[in-house]
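Hello,

Here is the structure I said I would pass on. Have a look at it first, and then read on for what I found in it.

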Amino acid sequence: MTKPIRLSGVALIIALLVPLATTGLHAQEAAAPRLIPVPEVDLRGVDGAVRDQIDQQRELLEAALAQGTPTGDDAEQLGLLFGDAGQLYLVYDLLPAARACLTNAAELQPRSFRWRYLLGSAAEHLGELEEAVEAYDLARTLRPDDPATAVRLGRVHLELGRHEEARGHYQRAIALPGSTAAAHFGLGRVAFETDDPTTALQHFQTALREQPRADSLHYHIALAHRALGDDAAMRAAMELRGEAPVAFADPIAAEIKESATGIGAQLLLGRVALAANAFEIAEERFREAVRDYPDSTAAKRSLAAALEGMGRRAEAAMWYQEALNLSPNDVGLLFQTGLLYNSEGRYQAAAERLRRAVEIEPSFGPAWVELARSLGETGDHLEAAEALTRALELAPDDRNLRFHRASNYRLGGRRELALREFESLLADFGFDREILLLLGRIEQGLGRPASAARRFEQLVEAGADPPLLSQAHFELGNIRTQQERYEEAIPHYQRAIAANPTLKEAYFNLGTALGRLGQFTEAALAARRALQLDPGDSRARAAEVTALLLAGEDARVRLMLEQTLELPDQGGSGFFALLLAEVLAASEDDSVRDGTMALNLATDLFQRAQTPAHGAVVALAYAETGDFEQAIAWQQRLIENLDRAGATEALPDARERLAAYQAGRPVRAPWRR
Amino acid sequence: MRSSCTGLALASLATFSPITVLGSADEVLFTDATKSAGLDFEHWNGMSGHLYYPEVVGAGAALFDYDNDGDLDLYLVQGNLLGNEADRSSATKAWTGDWPPRDRLYRNDLDLRDDRATVRFVDVTEESGIAATGYGMGVVAADLDNDGWVDLYVLNLGANQLWRNEGDGTFSDRTEASGTGDPRWSVAAAAADYDGDLDLDLFIVNYLDFSLASHKTCLTERGEVDYCLPSAYQPAPDGLLVNDGSGRFEDATVRAGLTTARPGNGLGILAADLDGDQRLDFYIANDLMPNHLWLNGGNGQLVEEGLISGAALNADGEAEASMGVAAGDYDGDGDLDLFLTHFHRETNTLYRNDSKRGAVQFRDRTNATGLGRPSWDATSFGTAFVDLDKDGWLDLAAVNGAVTFAAGRPRTEDDPFPLDQPNQAFLNVTAGGDGRQFEPAPAGLLDAETPFVSRGLATGDVDNDGDTDLVITNNNGPARLLLNRTDRDADWFGVAPLLDASRGHRPASGVTVRVHRTGAPPLVRLAGGGGSYASWGDPRVAIPSGGPGIDRIEVQWADGTIEEWPAPPPRAYTPLVRGTGERRDEREEDAP
């Protein structure tokens with residue numbers, strides 16, 4: 001018999017918190033969780049490792065409780081601490097303390113299936129069957145299709161003599177994975193207790209077919225035969241009786257049970273070492289446990305967790321997978337593995353595990369969220385949004401989930417959906433600068449520049465942190481650029497750069513706007529800044545050389561292009577080579593031109609890419625070498641091709657060049673046209 | 001003989017008043033008469049911190065009439081020191097009496113004045129000559145040598161002892177001469193006539209193969225040292241000793257077939273006709289192993305049919321940690337049902353007897369009768385079917401005390417090994433479905449101010465007022481006497497089935513008493529036969545005499561013979577001596 005005698009530190013702090021939570025003086029306090037004191041447990045005589053572990057958990061709780069009445073994320077965190085403590089007490093059979101901790105955990109994390117389920121288990125072990133029913137019922141609302149909950153509800157009702165309720169839960173359990181045999185066994189028990197041995201026999205036999213290793217069923221079959229007066233069948237069945245009970249899928253209970261026996265001590269030592277940051281010792285303990293208990297999921301899972309904590313993720317992933325091989329339907333394990341893979345950037349593998357987790361436990365909210373992350377990272381934004389929708393069914397008021405769903409709608413091209421979601425977020429949660437920025441971008445994507453500009457201007461007017469302000473100006477600059485209002489675009493880009501000097505795109509677009517206004521030197525400078533921020537950005541490099549060419553800096557351009565072509569290819573080398581050939585063939589600067597080099601380069605490039613642009617440069621080069629016959633021939637072929645292709649807009653320039661070649665004149669600085 | 005008493009009145013015409021049905025459980029009343037009766041026995045288990053298993057197992061008590069004065073005297077079994085003499089000084093509870101500790105015999109000097117009885121127990125151990133200084137567990141009180149005086153058979157950790165009642169207030173040790181000194185760890189036994197030869201044989205229940213040399217240190221899942229569970233040791237086989245009529249016994253264990261079954265960790269036993277074939281059967285409560293039901297074939301053979309009968313395992317098909325056992329017709333259908341007491345986190349278990357002719361059958365009705373949940377947290381030992389509220393329906397008493405430490409329970413210097421638990425009673429009430437249910441009686445009904453570590457429960461009418469009183473033994477604690485004070489004015493009658501009355505009294509054991517009533521089913525009661533835990537109770541039967549009129553009393557003897565007598569007079573125990581009643585019928589299968 002266990003009796004709470006005195007309050008521990010945890011209990012005392014809770015005792016102080018409870019009045020705060022229940023006085024109702026302030027609206028926020030009125031909604032504060034109601035926590036109950038945790039009974040003191042006498043740990044005298046208990047193994048030192050166990051005592052240390054429990055003491056550590058107590059200290060964590062006390063520290064968290066000392067922070068005052070928890071709300072929001074703090075409440076979640078505290079719930080987790082209480083849940084962990086509850087599990088620990090459960091492992092060591094300290095049931096009253098386990099019950100109190102799990103009650104508090106469930107209060108603080110009301111959507112946690114695990115705490116409700118374990119609370120039901122603690123109450124059941126304490127013989128508090130009504131409390132067990134209540135906890136399991138609440139667990140059931142969180143995971144309606146959990147087989148273990150259905151079986152346990154059936155069993156508790158059976159123990160309470162409520163046959164109809166028991167029958168209902170067992171019937172529900174028949175269709176659930178991993179509980180069919182247990183459900184039939186339970187239905188047989190109900191039938192037998194209600195004096196229907198015929199039905200009982202059918203259910204017992206079905207259970208045995210479903211789970212032939214459960215040879216204890218022969219005993220029940222024998223009793224049913226006896227009740228039906230079939231003595232021979234009864235004795236035959238009794239001969240087959242064994243000790244193996246009817247099992248059902250109950251990963252949480254298995255985890256607790258496994259921790260409580262045999263291997264528990266080894267795992268315990270490892271966990272204690274882990275808690276003390278003695279990683280090497282922890283790893284050694286867990287490896288011993290894996291060696292001694294090769295079929296233990298918990299051992300492999302613990303080793304993986306230790307390795308993960310030590311940052312050895314690849315090894316951790318391997319051991320998680322080993323654990324999963326033993327318990328492929330362990331939802332917690334699937335989730336942990338998915339989490340690790342996500343953090344490693346192995347999104348496909350993560351998504352695969354997380355999908356299995358939510359298939360088994362559709363009400364496992366965190367798994368849906370983590371799955372959405374995997375999917376979003378692999379570009380499956382609409383699937384990610386769907387996963388977040390499932391998570392939102394479990395937590396409809398979660399702002400972050402709604403935000404991420406809207407973001408995924410946007411990235412997945414469902415702009416109208418994203419717009420509505422973000423607007424409803426603004427309506428529900430008030431002004432939000434980030435959402436305003438996203439709404440502006442969506443409006444832009446929907447071709448509504450005026451509305452978009454209003455959103456960005458609203459953001460600028462409201463003031464924002466530099467990164468957001470920078471983004472808003474950048475977007476406004478883009479809108480004005482698209483409207484060819486370059487004079488208005490330029491100051492926005494400049495403000496965007498002032499707020500965030502590392503915003504490469506702003507430099508790039510500023511360069512474009514300046515170029516459109518003929519300010520080529522300034523445009524080249526802007527492009528150079530973008531290139532400095534990202535030396536591998538070939539677009540920025542192209543923008544810079546183009547601007548310099550337009551500014552008449554041909555010699556500089558030649559040098560830059562020659563240097564660029566000596567660099568490892570970072571993309572765009574073909575473009576730069578062709579441009580170099582063009583500059584060598586057609587620069588107005590005599591010191592820059594080199595017809596032979598241009599021709600060699602151009603003909604070489606044409607061998608690799610026979611495009612009109614390449615053909616045109618070959619013609620330019622022939623003209624520069626004085627071979628107008630070849631220049632004319634190449635230009636005529638080019639015109640024929642353009643004509644065939646219907647590229648009429650390019651024909652006037654092409655014909656103009658042909659006329660120049662026919663007149664024996666090379667073409668100069670064609671890029672200025 | 002010190003008291004004046006009504007004695008065992010002869011049958012006579014009687015008048016009956018309507019049965020008084022108590023309105024609520026609150027009206028059940030017990031008075032703790034321990035102190036007023038002079039009962040000063042303190043059990044001592046010698047606990048010294050080594051956590052020797054036997055320390056938490058004993059001990060029991062017997063209510064019996066050793067001086068044939070018509071009232072129940074009391075024998076209490078004592079523990080002792082295990083291990084070295086040096087451990088005596090480190091015992092958690094100091095021994096204050098003369099060394100060595102020994103069992104005690106208390107004579108009941110019942111004082112009847114103004115129609116009210118006062119119980120006074122006088123310690124007569126010294127003059128009785130009983131020197132039982134073994135490490136005691138249980139006791140059986142029966143006339144084992146057919147001399148009309150009830151003897152004592154004491155079960156020990158080590159050799160059991162037979163104390164022969166010399167008829168002059170003294171006892172002599174007849175262990176060796178009788179051949180009853182079973183050296184194993186015995187906890188309980190049943191004295192009953194298994195072979196129908198009109199003397200009482202001994203079915204001895206042995207527990208574990210334990211010795212100090214084989215003592216083990218056991219750990220909990222928290223790594224703390226605790227008393228072991230029985231699985232730490234091998235079971236000790238039970239034994240059957242057959243009486244030759246003179247008090248000498250022959251070992252019939254093999255001959256009777258007891259070795260055909262796997263030995264169990266036996267703790268409790270009762271003898272009764274459980275399958276309705278008019279032969280005496282034995283039911284053994286085994287700790288964490290399937291219980292045994294030895295059905296009597298009538299040819300000297302016992303056949304173990306526990307599993308077949310459905311009374312070996314609970315409804316889950318699991319063996320439970322059975323300690324005590326009781327038999328009684330709780331549902332009034334004319335046969336004896338079984339109640340088993342168990343470890344905490346197991347329910348106690350009620351097996352309803354659904355046997356039909358030729359087919360023994362029990363059904364676990366624990367949940368249906370409401371007995372499961374209230375017993376979940378208790379480790380129960382002694383138990384009995386008793387009509388606590390005198391409504392004619394058998395209620396249940398169970399006395400409790402842990403054997404392993406409750407996880408996390410605070411320990412103190414005074415009580416470094418707290419094992420105490422409250423006792424319980426369950427009242428048999430009308431319900432739907434099964435027809436009967438049990439409701440927990442008010443908490444504390446059977447407790448002192450603070451609970452003890454209870455073990456034995458001996459039941460009997462200590463003050464001869466027609467109801468059942470209780471003696472509760474407590475491990476490392478005081479024996480307590482609780483007198484039933486429920487509706488003291490209600491009418492009653494009593495019977496005392498005797499095998500012979502020519503010389504003293506020879507109480508029968510394991511006989512079935514049927515009280516036939518006008519327009520109502522018979523009331524069925526078991527007289528003698530043991531049961532409970534390590535204890536032996538009153539072989540007489542008291543019945544409230546209100547309600548339907550009593551037609552006749554029928555006694556089914558151990559050999560299957562059935563005799564009947566007219567309704568006995570009220571407010572007295574009427575001896576029903578075998579051979580003096582009207583023979584009713586032969587065994588059904590033997591009838592033409």
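A definition to start with: a residue is called buried here if 20 or more other C-beta atoms lie within 10 Å of its own. By that count, buried residues make up 62% of the 592 residues in chain B. Please keep in mind that this is a predicted model.

Let me stay with chain B for a moment. Chain B has three helices and 41 strands. Of the contacts in chain B with a separation of 6 or more, 64% are between residues 24 or more positions apart.

How far does the predictor trust its own work? The model as a whole scores ipTM 0.86 and pTM 0.67. For chain B the average pLDDT is 89, and 93% of the residues score at least 70. Residues 1-26 of chain B are a stretch to treat with care, as the pLDDT there is below 50. In the model this stretch still has 70 contacts beyond near neighbours in sequence.

Chain A averages a pLDDT of 86, with 91% of the residues at 70 or above.

Now to where the two chains meet. The contact takes 33 residues from chain A and 29 residues from chain B. On the side of chain A that touches chain B, the elements giving two or more residues are α8 (147-159), α10 (180-193), α12 (217-227) and α13 (231-239) of chain A. Of these, α12(A) gives the most, with four residues. The residues on this side of chain A divide into 14 nonpolar, nine polar and 10 charged.

At 1.5 Å a residue, its 13 residues should span 18 Å, and its end C-alpha atoms are 18 Å apart, so the two agree. The buried residues of α25(A) include A:Ile435, A:Leu436, A:Leu439 and A:Ile442, and also A:Glu443 and A:Gln444. What do the buried residues of α25(A) pack against? Their partners are α23 (399-411), α24 (415-429), α26 (449-462) and α27 (466-482) of chain A. After α25(A) comes A:Gly447, which has a positive phi, near 75°.

Enjoy exploring it!

Best wishes

Methods
Residues numbered from 1 in each chain as written. Chains lettered and ligands numbered in written order. Predicted model: local features only at pLDDT ≥ 70, side-chain atom pairs only at ≥ 80, totals over all residues. pLDDT = per-residue confidence, 0-100. Contact = placed C-beta atoms within 7 Å. Nonpolar A, V, L, I, M, F, W, Y, C, P; charged D, E, K, R; others polar. Expected span 1.5 Å × (residues − 1). Buried ≥ 20, exposed ≤ 12 C-beta atoms within 10 Å, placed from the backbone.
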